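Please find below my notes on the model. They start with a strand pair and then move to the ligand, the fold as a whole and one further residue.

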Amino acid sequence: MQNFSEVILKLIFKNKLPSKHQLKNLILKTSDLFTFLDLKRPENYMKDQDFLKGYTAYFVPVNLAKIYSILKEFFRYPSIINKKDIKIIDIGCGPCPAILAVFKLFKEGLISFNYVRYIGVELQEEAIKFGKQMIEQFKPETLNVNYDFLKTDASDMKTYIELKELKPDIMIFSNSLGEIFDNKGIRKEDFIKFIKYFTYSDESFSLIIIEPGTKKSASRLHELRDSLIGDLGFYPYSPCINNLPCAALMANNWCYEERRWIPPEYLNFLSSMGLQINYLKFSYVILRRDGLNIRDTFLTDGIVIKNTSHLLKEKGKSRLWGCWDGRLVDIERLKRDYTDEDEWLKIKKGCYFSFDNFINLSETKIRLPRSTSVKIIYCPEVVSFNSL
Ligand SMILES: C[S@@+](CC[C@H](N)C(=O)[O-])C[C@H]1O[C@@H](n2cnc3c(N)ncnc32)[C@H](O)[C@@H]1O
């Protein structure tokens, strides 16, 4: 394992480390490009050396941590983790955080492939060049890695016709879907046609889409999720535990994750500027056609609920919004009913939990009385980025 901060900064700045002030300016300039200038972002921003450096210093660790957290939950599944080789296509790969997440899992002994084949699809040559350096720097010595890049347009049907011959196990769109849709004007129907090529032969093909945790991006992702399920017979692996239409969308709401992480130390200055840095905020979905679901790894036959909100503390009670059998349900427990060491009070956003009885208050509202035992089944873990 290498010291992530030290190595990545050396790689970005070719051993001439920037001052704290220079680094801060580059990161803020790039962050503004995504936050405030979203609609004005030029298509080829990766060509600009400042943006490429700022992106790699800031968004690469952030996105790497998101992908790592999602893949860790994906590889919980025994028949998935037992594979000995894996083929990954990364669409709009940029400087390749997706494959670095696989390397981290391997180095931590959480996966044990013999062979990884990786194909990054990207329009910008500069991003590809940097991605290659990242792979060379971080690839584990004991893993057989074969990688290639395809410098091509991911909004073009021909790209997918070519890629289907590779028969990938995983296709990942990490923060690239929005750009492909918005810059090239592709529609949901076009995207479904692209993905259809990968559904013919292999039931175990996995499609992973990660988007920002904003209302616009998350809602578009979940609309797409519903169509991929309806039109192509996909079934979610996670975060959803059923293939019913998205409950958040139906409630005119949006569903996103907020997972705790420990960022590389050189990003700590962001919190002193009032920016949120300790949580990864994103929306995502993993889809497969064989029906494997994270729920199967929970070893419970009872009720399973995904908490989509924070635990909201109110006078005399606390509440949360749980996704339960295709509905967003307002679940509450009165303070007077709290038990010693009550697991209810420890449920974080994104956790899966269960309980053994409840009282119906209305069609979308229930109460957990004192006699109810609440059990947290699984919560995403904290991701730390000191080493890779
Ligand atoms: C926000 S970055 C995401 C990079 C990386 N996947 C990540 O998670 O950090 C989006 C990437 O998609 C690439 N991209 C945008 N439109 C594309 C297209 N039509 N075809 C191929 N790549 C595209 C951009 O050049 C950029 O590198």
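1. Strand β1 (residues 85–91) and β2 run parallel and are joined by seven bridges. Strands count as paired if DSSP finds at least two bridges between them. In this pairing K87 stands opposite R117 in β2. Helices (H or I, at least four residues) and strands (E, at least two) are DSSP runs, numbered from the N terminus.

2. On provenance: this is a predicted model, in which local features need pLDDT of at least 70 and side-chain atom pairs count only at pLDDT 80 or more, while totals for chains, interfaces and linings use all residues. Residues are numbered from 1 along each chain as its sequence is written.

3. Which residues come closest to the ligand? They are N63, G92, G94, A154 and S174, in a shell of 23 residues. The elements giving two or more residues to this shell are α3 (49–74), β2 (115–122) and α8 (177–184). The most comes from α8, with four residues.

4. By type, the shell around the ligand holds 10 nonpolar, nine polar and four charged residues. Here Ala, Val, Leu, Ile, Met, Phe, Trp, Tyr, Cys and Pro count as nonpolar, Asp, Glu, Lys and Arg as charged, and the others, Gly among them, as polar.

5. In α3, 21 of the 26 residues are buried, and in β2 six of eight are. Buried means 20 or more other C-beta atoms within 10 Å of the residue's own, exposed 12 or fewer, and partly exposed in between, with C-beta atoms placed from the backbone. α3 also has a kink of about 40 degrees, centred on T56; the bend is the angle between axes fitted to the seven residues ending at a residue and the seven starting there.

6. The protein chain has 12 helices and 17 strands. Buried residues make up 40% of its 388 residues. Its C-alpha atoms fill a box of roughly 60 × 50 × 45 Å along the principal axes.

7. R327 lies in strand β12 (residues 327–334). R327 counts as partly exposed because it has 13 C-beta neighbours inside 10 Å. Leaving aside neighbours within four places in sequence, R327 is in contact with A247 and T364, contact meaning C-beta atoms, placed from the backbone, within 7 Å. R327 and T372, 45 residues apart in sequence, are 21 Å apart from C-alpha to C-alpha.

Notes
A residue is near a molecule or strand if its C-beta atom, placed from the backbone, lies within 6 Å of it. Two residues are in contact if their C-beta atoms, placed from the backbone, lie within 7 Å.
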